[in-house]
Amino acid sequence: MIANAILTACTAVALTITYSLYRRMFFKKKWDPRGKHCYVTGGSAGAGLAIAKLLVRKGAHVSIVARNQERLDTALKELETVRQSPDQTIKAYSYSIDNASGAAEALEAACQAHDGRCPDAQFFVAGTSRPGHFVEQSEESLKKGMEETYWCQAWSALAAVRRMVRDQAKGKIVFVSSVLGYMSIVGYSTYSPGKFATRGLAETLQSELMLYDIDVHIAFPGTIYSPGYEVENQTKPKVTLKIEESDGGAQPDAVAQGILKGVQNGDFHITYDFLLNVFRGSTRGSSPGNNFFMDSIYELIGRIALPFWRMSVDNTVRAHSEEHRQYLRDKGLIA
């Protein structure tokens, strides 16, 4: 009897999974940004601008937010070149969103251009990476790292959720973390912690915002060949550059395509290439999956391959030890 009960339970689970996959593959309607108001932080350059341009091409009304007005003006001109209709509303707003008041003011300004209505989808792409050795960091640099990776998205999310709940508005919130929110390596002590924290916030809100019928997504891009990438390489430790020298990356347009595809498919964790899928499959824990069959394959590959990758990384770090000690001597950090 116990064996029959177990067999029945397993069969029921298998049928439930099969039915869920069948419905997902053939019946689930994809989200369409056409005619929707989409709000993009970090929208003046890199992946943020690429996402904004893609949304404009798909017929959305787009509001971009960033600090630098000159870059915003340039970005706005680029968005105008891909406008699909004279009816589209395309706006740019200069605000600092690494604090609660700035994030709330930026969102309010974008809402006012749409008769006070909250955006239908909000993409939080703002963020900066400033690599360096942990031993060289200060209280100021560690706090700034969290401001530029976590708080710039958390404050925007708080403003968005409060507004959406108040207005009883359904919609989407899209965080952008990093593959360094799944794992990390030497050099990213001011960046990776904030990206892990962003994942923690997204995991919490994915559950909590079901109360209000608000969808939550979080993307985990790898290297993005953007102006920010060129800047971060100027301070990146040599050992980090050595580890990453064989890594591939993607242009902002390809990253934007991958993120928007994940949002349209209703994916919670969004990854868009094989390696990112392997990291997702091996580290997502109990987070909602995208495809039971493929997620299981990626998880299996990760369990086999990633320990060898980590061994290779660790060997590279250890081989750099003497050169690093000399670097510290030159900096006066050790005798």
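Modeller: In this predicted model, the number of disulfides is zero. A disulfide is a covalent bond between the sulfur atoms of two cysteines, and here a pair of sulfur atoms has to lie within 2.5 Å to be counted as one. For Cys-38, the closest cysteine sulfur belongs to Cys-118 and lies 12 Å away, which is too far for a bond. Cys-152 also has Cys-118 as the residue with the closest cysteine sulfur, but the distance is 19 Å, again too far for a bond.

One of the pairings links Tyr-39 to its bridge partner Ser-63 in strand 2. These strands belong to an open sheet of seven strands with parallel pairing, arranged in the order 3-2-1-4-5-6-7. Strand 3 (90-94) and strand 7 (269-270) stand at its edges, and each has a single partner strand, so one side of each is left without a neighbour in the sheet.

Helices lie against this sheet too: helix 2, residues 46-57, lies across strands 1, 2, 3 and 4, and runs at about 170 degrees to strand 1. Helix 6, residues 192-208, packs on the sheet by touching strand 5, strand 6 and strand 7, and its direction makes about 155 degrees with that of strand 6.

Technical notes: Residues numbered from 1 in each chain as written. Predicted model: local features only at pLDDT ≥ 70, side-chain atom pairs only at ≥ 80, totals over all residues. Heavy atoms only, no water. Pairing = 2+ DSSP bridges. Helix = DSSP H or I, 4+ residues; strand = E, 2+ residues; numbered from the N terminus. Contact = heavy atoms within 4.5 Å. Axes fitted to C-alpha atoms, helices over the stretch in contact; angles between N-to-C directions.
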